[in-house]
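The following briefing is meant to be read beside the sequence and the coordinates. Please keep both in view while going through the points.

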Amino acid sequence: MPTSSIKPQFIIKSAILTKDNPNFNKRSLEIDLTDSIAELSIFESLDIPYLSGNMTVLDNDGIFSDMAFQGTERIEFVLGTGDVENTTAVLNKRFIITGIQRKVKANESGSTSVFTFTLIDEHGFLGRVSKISKSYDGSLERIIKSILQNELGRRVDIAYTGALTEFDEKSAQ
């Protein structure tokens, strides 16, 4: 069997799909897709402020056939570098599966399917579905930090803006 001499840019160390359970008293469903992913493409654009991508998954066990996709399933990747030293994981990234781009039966019996899913960065998804209509006072740095922490649950380092301490941040108004 021929092997490819092309080395991957990254290695998928972990890929966990999480689907919320419609019964609120039950836990979310988690599926480990690490060994089932055939291809992962992540795109960065100058036109949009978030990542998007595609993921192709080989479904040998028919787990997606009975799953009713809502378009809000989350998948969290732990990615490592593809170097020969197998450097430790360098990135944890969470995406939302927004749709099924393609579904193909992979064998004659129809028991194996290949799914290609479209992905959007969790930040991009939340930004699309969340509308913020509040008035903010203060410096631009404080406003951005407040929105990210209070509305999106994200922490941001604003030291590069010149507001090195909490006092500097307040006095920059």
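This is a predicted model: local features need pLDDT of at least 70, side-chain atom pairs count only at pLDDT 80 or more; totals for chains, interfaces and linings use all residues.

Residues are numbered from 1 along each chain as its sequence is written, and side-chain values use heavy atoms, leaving out hydrogens and water.

**Helix geometry**

- Helix α2 (residues 140–151) has 12 residues, which at 1.5 Å a residue should span 16 Å, and this agrees with its end C-alpha atoms being 16 Å apart; the expected span is 1.5 Å times one less than the number of residues.
- After α2 comes G153, which has a positive phi near 65 degrees.

**Overall fold**

- The chain has three helices and seven strands, where helices (H or I, at least four residues) and strands (E, at least two) are DSSP runs numbered from the N terminus.
- Along the sequence, these elements follow the pattern β-β-β-β-β-β-β-α-α-α.
- Of the chain's 173 residues, 28% count as buried.

**Salt bridges**

- The structure holds five salt bridges, each defined as a side-chain nitrogen of Lys or Arg within 4 Å of a carboxyl oxygen of Asp or Glu.
- One of them joins the side chains of K19 and E73 at 3.2 Å, N to O; the pair links distant parts of the chain, with K19 in strand β1 (residues 10–19) and E73 in strand β5, 54 residues apart.
- K19 is buried at a relative accessible area of 14%, and E73 is also buried, at 2%.
- D121 and K93 meet through their side chains in another salt bridge, at 2.7 Å, N to O, which links strand β7, holding D121, to strand β6, holding K93, across 28 residues.
- D121 is buried, with a relative accessible area of 3%, and K93 is buried at 17%.

**Surroundings of D121**

- Leaving aside neighbours within four places in sequence, D121 is in contact (heavy atoms within 4.5 Å) with Y50, L51, K93, R94 and F95.

Conventions
Buried means under 20% relative accessible area, exposed over 50%, partly exposed in between (1.4 Å probe, protein chains only).
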